[in-house]
Amino acid sequence: MLSRFTVGNFLSFKRPQTFSMIAGPIQKHKERLYQAQDMKLLKFSSIYGANAAGKSNLVKAMKFARDLIVQGTDKVPDSSCFKLDRTYQDIPSYFEFEICISGLMYSYGFEMLLAKKEITEEWLIQLGDGKDQELFYRNTVTGKYDLDETLLSRNEDIGRLGIYISDLSAVKDRFFLKDIVTNKETAYLANPRLRIFKEIFQWVSSLDISFPNSPVSGYTCFLATATDQILEAVRTFATGISHVEAREVKKEAVLEDAAPAARKEISRVLADLPGSTAKGARFNCNGKLYLVHMNGDEQVFNEITFAHDNLKHIPFTLAEESDGTQRLLDMLTVLICTKEPAVFIIDEIDRSLHPQMTVHFVKNFLSLAASKDIQLIITTHESHLLDLSILRQDEIWFAEKNHAGATLLTPFDRFKERFDKKIERAYLDGRYGGVPLFDSFYFPTRYTQEEESEDMVGEACRWGQTE
């Protein structure tokens with residue numbers, strides 16, 4: 001479960017900003033809190049903000065950090081530090097996840113010079129009530145590294161591991177966390193405490209992050225043949241779908257439907273699937289929805305089609321469904337999730353959805369969260385969710401840019417509003433920030449008041465309203 005995420009010097013984030021899932025002292029809806037080591041964590045959070053305020057950049061930062069750790073620095077597309085201050089080009093960017101695993105809290109993070117794709121620092125800390133325990137730290141600039149002695153033993157294999165760690169201390173293009181979980185099974189057998197590195201890596205790699213136009217994503221909720229679960233969920237949203245069918249297809253047919261860029265990404269996902277913790281993957285290729293799952297060592301592909309009005313003999317592809325239905329189908333993995341704990345992050349959840357459908361989706365999740373260890377973090381403009389009978393005060397955040405163009409994150413509970421206050425109108429009026437404020441209208445400079453008057457007269461003449 002996610003406790004906090006901090007990012008600095010990345011896209012619109014200048015100085016480090018922290019997004020938190022730590023619950024406040026609010027008494028409402030306590031049934032959907034997760035009990036961690038010495039705190040309670042939220043299972044839902046929403047982030048509001050004007051266009052270009054930086055909401056999506058927070059999600060991009062999480063995805064960027066995840067992809068760096070899992071894929072390596074050479075495979076992740078270039079990204080940018082904070083551009084509006086040139087001095088920040090030479091300052092390392094900062095990424096840190098604070099997470100809960102088996103009831104214990106850990107902090108894993110790193111700093112990196114983005115322009116050079118060089119890791120400068122990396123650390124793993126076990127967070128405690130009174131004193132934190134540094135399990136691992138390295139600085140590739142100075143060559144300094146520390147590894148908690150309890151993670152090593154006198155075993156010969158562990159001794160070789162210590163030498164290996166020393167050799168990696170100054171390596172700038174590889175993450176220690178990725179290397180320590182690759183082909184080190186004998187070390188884990190010799191000292192089970194080392195397994196925390198594998199658990200941290202698996203947590204990061206299983207983060208389910210989606211954007212409105214993502215053609216490829218992982219899914220951990222259902223097997224490709226469990227169409228009854230898909231249908232049961234989608235029926236509650238009044239889409240008109242009466243039947244869902246999975247038809248097995250060849251891998252070659254899936255790749256043939258994909259555009260070159262998507263084909264490359266699909267091939268990468270398929271190559272990683274055998275050793276992945278995910279049960280499968282979802283592909284949107286040329287308007288068709290494909291699900292793939294592992295059957296032993298074999299990858300099985302199914303195309304998902306839909307029927308309406310109980311006419312099963314007339315199948316509809318994904319592209320033939322409305323934009324809203326397609327968006328909903330993208331997000332159903334959250335509601336049918338069978339893996340726990342799980343963390344889902346959805347950017348612009350309300351894209352193409354009716355306001356009532358967005359609210360209904362969130363209400364469905366909140367109901368499930370009372371009995372499941374799952375988290376959902378969304379960015380949205382949907383003000384109908386700003387209802388304290390639905391959300392807790394600490395489940396609402398605002399993103400806003402300051403005078404320097406840098407994104408700032410502000411929790412709503414900082415405003416100390418009563419639990420029964422109607423906050424939607426106050427938000428739209430700009431009381432909490434995070435909304436666009438307009439002070440002018442656009443008119444072409446050639447369109448003067450005199451020309452406007454002449455146009456009105458001409459229009460009246462055409463309709464016989466003047467002599």
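Predicted model: local features only at pLDDT ≥ 70, side-chain atom pairs only at ≥ 80, totals over all residues.
User: What makes the contact between Asp67 and Lys63 a salt bridge?

Analyst: The N to O distance between their side chains is 2.7 Å. A salt bridge needs a side-chain nitrogen of Lys or Arg within 4 Å of a carboxyl oxygen of Asp or Glu, so this pair qualifies. Asp67 and Lys63 are four residues apart in helix α1 (residues 55-71), which means they are separated by about one helical turn.

User: Why is Asp67 called buried, and why is Lys63 called partly exposed?

Analyst: Buried means under 20% relative accessible area, exposed means over 50%, and partly exposed is in between. Asp67 has 9% relative accessibility, so it counts as buried. Lys63 has 29%, so it counts as partly exposed.

User: What makes Arg174 and Asp179 a salt bridge?

Analyst: Their closest N and O atoms are 2.4 Å apart, and the cut-off is within 4 Å, so the pair counts. Asp179 is buried at 13% relative accessibility, whereas Arg174 is partly exposed at 36%. In total, the structure holds 12 salt bridges.

User: Let's turn to the rings. How many aromatic pairs are there, and why is the pair of Phe136 and Phe176 called stacked?

Analyst: The structure holds 21 aromatic pairs. The ring centres of Phe136 and Phe176 lie 3.7 Å apart, with their planes at 15 degrees. Centres must lie within 6.5 Å to pair, and planes under 30 degrees apart count as stacked, so this pair is stacked. Phe136 lies in strand β9 (residues 133-139) and Phe176 in helix α3 (residues 176-180), so the pair ties together parts that are 40 residues apart in sequence. Both Phe136 and Phe176 are buried.

User: What makes the pair of Phe398 and Phe415 edge-to-face?

Analyst: Here the centres are 6.4 Å apart and the planes stand at 75 degrees. The distance limit is within 6.5 Å and the angle must be over 60 degrees, so the pair is edge-to-face. Phe398 lies in strand β19 (residues 396-401) and Phe415 in the loop between β20 (407-411) and α11 (424-428), so parts 17 residues apart in sequence are tied together. Phe398 is buried at 2% relative accessible area, while Phe415 is partly exposed at 27%.

User: Which residues do ring pairs link into a cluster?

Analyst: The cluster links Phe10, Phe64, Phe95, Phe110 and Phe175.

User: Now the backbone. How do you know that Ala52 is exposed, and what is its phi?

Analyst: Its relative accessible area is 61%, and exposed means over 50%, so Ala52 is exposed. Ala52 has a positive phi of about 70 degrees although it is not a glycine, and it lies in the loop between β5 (44-49) and α1.

User: What is the phi of Asn310, and why is Asn310 called exposed?

Analyst: Asn310 has a positive phi of about 60 degrees, and it is not a glycine. At 61% relative accessibility, over the 50% limit, Asn310 counts as exposed. Asn310 sits in the loop between β16 (298-308) and α9.

User: Which residues does the cis peptide bond join?

Analyst: A cis peptide bond joins Glu340 and Pro341, with omega about -10 degrees. Pro341 is in the loop between α9 (323-335) and β17 (342-346).

Key
Residues numbered from 1 in each chain as written. Heavy atoms only, no water. Helix = DSSP H or I, 4+ residues; strand = E, 2+ residues; numbered from the N terminus. Buried < 20%, exposed > 50% of the residue type's maximum accessible area, 1.4 Å probe, protein only. Phe/Tyr/Trp six-rings, centres within 6.5 Å; stacked < 30°, edge-to-face > 60°.
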